[in-house]
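Please keep the sequence and the structure at hand while reading.

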Amino acid sequence: MASAKQIVALAETLARDSGMATNGSSPETSAVLSESAAALGMVTTKDMLSSGSESLYLSELARDLAEYLTDDRKGILQREGGIMSLIDLWALFNRSRNGVELASPSDFQKAAELWEKLKLPVRLRRFKSGLLVVQRYDWSDEKTIEKFQAWMEELRRVPPDDPVPWDWSLFGRAVTAQEAAHRFKWSVGVAAEELEMAEDRGVLCREEGIEGLRFWRNFISSRECKYNVAYTPVEMTGL
């Protein structure tokens with residue numbers, strides 16, 4: 001495998017021979033450097049490019065990230081349940097570069113913001129809390145809600161481990177962010193954000209108590225529930 005210095009020297013020679021530039025700082029030279037590195041399976045770094053080629057560097061970094069995420073051999077997104085925080089991806093990606101120039105948090109975010117413009121198969125998403133996450137381009141809130149609804153329905157068919165004072169076959173039970181993270185292979189932070197998203201959509205409702213924050217299926221506006229009042233299933237047992 002050729003070294004980065006050899007690639008730089010080769011690209012500059014090609015640029016001079018083709019008459020694209022008289023020095024190594026032109027956009028054409030930078031493009032040759034990037035293409036040469038990609039052809040040899042190398043990651044394009046800032047050291048390879050001239051100081052005026054930040055946009056090219058970010059574009060190449062965006063493509064490197066998308067390829068890294070969608071590589072079936074690595075299975076990064078699949079292992080994370082199809083969604084992961086940008087900061088987690090930053091840590092994983094830099095760790096995989098084996099000492100080659102690490103991407104800064106600022107460059108990393110700028111590159112991720114180019115995915116949509118470059119029509120790459122992943123997208124950057126911002127939750128209302130400000131948390132930035134990465135997911136497949138074809139994923140949507142509706143698909144996540146379908147997962148939650150199927151889970152809530154399953155909880156109405158499976159008896160709870162301990163006796164409960166409500167009709168579990170009607171109401172199921174509440175779930176936590178930790179349980180959602182375990183079920184869907186998300187981080188706890190992502191799970192909490194997705195549960196709140198479903199709450200905002202009216203699919204789930206929250207219960208805050210001494211056991212912490214839990215989420216129930218929202219029966220308040222559901223035709224399946226005969227009580228048209230804002231009570232939790234626990235409170236309904238006393239009606």
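**The chain as a whole**

The model is a predicted one, and its chain holds eleven helices and five strands. Of the 239 residues in the chain, 41% are buried. Among the contacts in the chain with a separation of 6 or more, 52% are made by residues 24 or more positions apart. The chain exposes about 13600 Å², and carbon and sulfur atoms supply 51% of that area.

**Two crossing helices**

Two packed helices are described by the angle between their axes and the distance between the axes. Helix α7, which covers residues 141-155, and helix α9, which covers residues 177-184, have axes that come within 12 Å and cross at roughly 105 degrees. An angle of 65 to 115 degrees counts as roughly perpendicular, and α7 and α9 are therefore roughly perpendicular to each other. On the α7 side the contact involves Lys 147, Phe 148, Trp 151 and Glu 154, which meet Glu 179, Ala 180, Arg 183 and Phe 184 of α9. The residues of this contact between α7 and α9 divide into four nonpolar and four charged, with no polar residue.

An α-helix has 3.6 residues a turn, so residues three or four places apart point the same way. In helix α5, residues 86-95, the buried residues include Leu 86, Leu 89, Phe 93 and Asn 94. These four cover an arc of only 125 degrees around the axis, which puts them on the same side of α5. The face of α5 turned away from this buried side carries Ile 87 and Arg 95, both exposed. Among the elements that cover the buried residues of α5 are α3 (54-70), β1 (83-85), α6 (105-112), β2 (122-126) and β3 (132-136).

Asp 107, Phe 108, Ala 111 and Ala 112 are buried in α6. Seen down the axis of α6, the buried residues fall within an arc of 135 degrees, so they line one face of the helix. The cover over the buried residues of α6 includes α3, α5 and β2.

**A buried methionine**

Where does Met 197 lie? Met 197 belongs to helix α10, residues 188-200, and Met 197 is buried, with a relative accessible area of 8%. Leaving aside neighbours within four places in sequence, Met 197 is in contact with Arg 125, Asp 141, Thr 144 and Ile 145. The C-alpha atoms of Met 197 and Lys 128 are separated by 8.6 Å, although these residues are 69 residues apart along the chain.

| Residue | Loop | Phi | Relative accessibility |
|---|---|---|---|
| Lys 119 | between α6 and β2 | about 55 degrees | 73% |

Lys 119 has a positive phi although it is not a glycine, and at 73% relative accessibility it counts as exposed.

Terms used
Residues numbered from 1 in each chain as written. Predicted model: local features only at pLDDT ≥ 70, side-chain atom pairs only at ≥ 80, totals over all residues. Heavy atoms only, no water. Helix = DSSP H or I, 4+ residues; strand = E, 2+ residues; numbered from the N terminus. Buried < 20%, exposed > 50% of the residue type's maximum accessible area, 1.4 Å probe, protein only. Contact = heavy atoms within 4.5 Å. Areas by Shrake-Rupley, 256 points an atom, 1.4 Å probe, with all protein chains shown as cover. Axes fitted to C-alpha atoms, helices over the stretch in contact; angles between N-to-C directions. Parallel < 35°, antiparallel > 145°, perpendicular 65-115°, else oblique. Nonpolar A, V, L, I, M, F, W, Y, C, P; charged D, E, K, R; others polar. Arc of directions from axis to C-beta.
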